[in-house]
Amino acid sequence: MAEEVRNADVTVPWSMLVTTLLNGAFGFGIVIAVLFVTVDIESVLESPTGLLGYPYMQIFYNSVGSKGGATGMTVILLVMTVCGTIASLATASRLIWAFARDRGLPFWRHVSKVQIGSSIPIYAVIIASITACAIGLINIGSAAAFNDVISLSVTSLYASYIITESFLLYHRCTNRIRSRSSLDDTSDPSQLIWGPFHLPGIFGIAVNAFAVAFGIIIFVFSFFPASYHPAPDTMNYSVLMTAAVVLFSVVYYVVWARREFKGPVVETGAWSSTEGGSIVDVGSKGLESK
């Protein structure tokens with residue numbers, strides 16, 4: 001989504017940093033407040049709402065002593081959840097669209113199309129919405145199967161972190177990233193350069209190395225079950241799900257995608273569309289592999 005942001009090399013890092021600090025501070029405050037008002041945890045978990053998986057409703061009711069007040073506080077959480085869902089859908093659809101534009105997904109010619117006027121990748125939005133609904137339906141049949149599927153999000157997230165951070169650490173240690181001021185007309189166009197938002201020197205390497213080590217630890221332990229000698233319905237099958245996705249990706253690339261996917265594509269110039277209809281294909285217009 002950084003491609004849709006002005007001055008992204010500064011705005012996006014600051015947004016990530018400020019979001020982390022604000023969410024961390026407010027989240028810590030909420031945790032302290034909940035722990036302060038939760039006197040008997042067992043009674044909360046065994047309450048009617050707790051048995052349904054929503055113990056926070058009982059905590060609200062115990063705190064304010066009013067069903068109306070507890071309902072109002074619950075509505076606030078519902079509104080926040082809806083807003084978060086919209087943001088997640090926007091992020092997921094843009095990721096799908098970007099990878100389709102790079103010709104890395106099946107049917108990329110259709111998925112990479114955007115709607116004229118709104119510039120919304122409508123097909124990517126539909127795919128993300130249907131996929132989310134389909135995964136949610138799994139919970140109706142089996143909560144264990146649902147948890148196994150969504151556990152893939154944790155391993156995939158940290159795997160993406162580890163891969164990108166490891167490459168960044170390698171380029172830092174080998175001094176392969178240059179400053180913008182050191183470039184000239186004879187420089188290689190593919191040369192990596194530092195943006196305005198980075199931590200130079202040994203401090204940057206230390207932070208980078210810590211991020212890689214932390215990611216590896218979380219990635220490994222995300223495959224562990226929650227208890228010793230787990231039963232089949234409490235086993236953590238995220239290792240199976242992760243391996244299945246990796247195997248599918250490798251097979252798809254070897255069989256088909258290697259003919260289409262040549263690496264990320266970048267814009268080589270501004271373009272505008274006057275094509276008829278409401279959908280325009282940006283999979284190859286004004287773009288080239290790099």
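Helix axes here are lines fitted to C-alpha atoms over the stretch in contact, and angles run from 0 to 180 degrees between N-to-C directions. Helices (H or I, at least four residues) and strands (E, at least two) are DSSP runs, numbered from the N terminus.

This is a predicted model, in which local features need pLDDT of at least 70, side-chain atom pairs count only at pLDDT 80 or more, and totals for chains, interfaces and linings use all residues. Residues are numbered from 1 along each chain as its sequence is written, and side-chain values use heavy atoms, with hydrogens and water left out.

**Whole view**

Start with everything shown. The protein has 10 helices and 4 strands. From the N terminus, the order is α-α-α-α-α-α-β-α-α-α-α-β-β-β. Along the principal axes, the C-alpha atoms fill a box of roughly 70 × 50 × 40 Å.

**Stop 1: α8 and α9**

Select residues 143-173 for α8 and residues 201-221 for α9. Their axes lie 9 Å apart, at an angle of about 150°. That makes α8 roughly antiparallel to α9. The classes are: under 35 degrees roughly parallel, over 145 roughly antiparallel, 65 to 115 roughly perpendicular, and the rest oblique. α8 passes α9 in a left-handed crossing. A crossing is left-handed if the near helix is turned anticlockwise from the far one by less than a right angle, and right-handed if clockwise.

Now show side chains. Contact means heavy atoms within 4.5 Å. On α8, the contacting residues include Y158, I162, L169 and R172. On α9, they include G204, N208, F214 and F219. By class, this contact has 14 nonpolar, 6 polar and 2 charged residues. Ala, Val, Leu, Ile, Met, Phe, Trp, Tyr, Cys and Pro count as nonpolar, Asp, Glu, Lys and Arg as charged, and the others, Gly among them, as polar.

**Stop 2**

**Stop 3: α5 and α7**

Move to α5 (67-101) and α7 (122-141). Their axes come within 8 Å and cross at roughly 120°. That makes α5 oblique to α7. The crossing of α5 past α7 is right-handed. L89, A92, S93, I96 and W97 of α5 meet A124, V125, I127, A128 and S129 of α7. Here 8 residues are nonpolar, 2 are polar and none is charged.

**Stop 4: the second largest pocket**

Select F26, I30, V34, F60 and L77, which lie nearest the centre of this pocket among its 14 lining residues. A pocket is an open set of points on a 1 Å grid over the protein atoms alone, where a 1.4 Å probe fits, with protein on both sides within 12 Å along at least five of seven lines; lining residues have an atom within 4 Å of a point. The space is about 380 Å³, counted as that filled by probe spheres set on points joined across faces, edges and corners. α1 (8-37), α4 (55-64) and α5 each supply at least two lining residues. α1 gives the most, with 7. The lining divides into 11 nonpolar, 3 polar and no charged residues.
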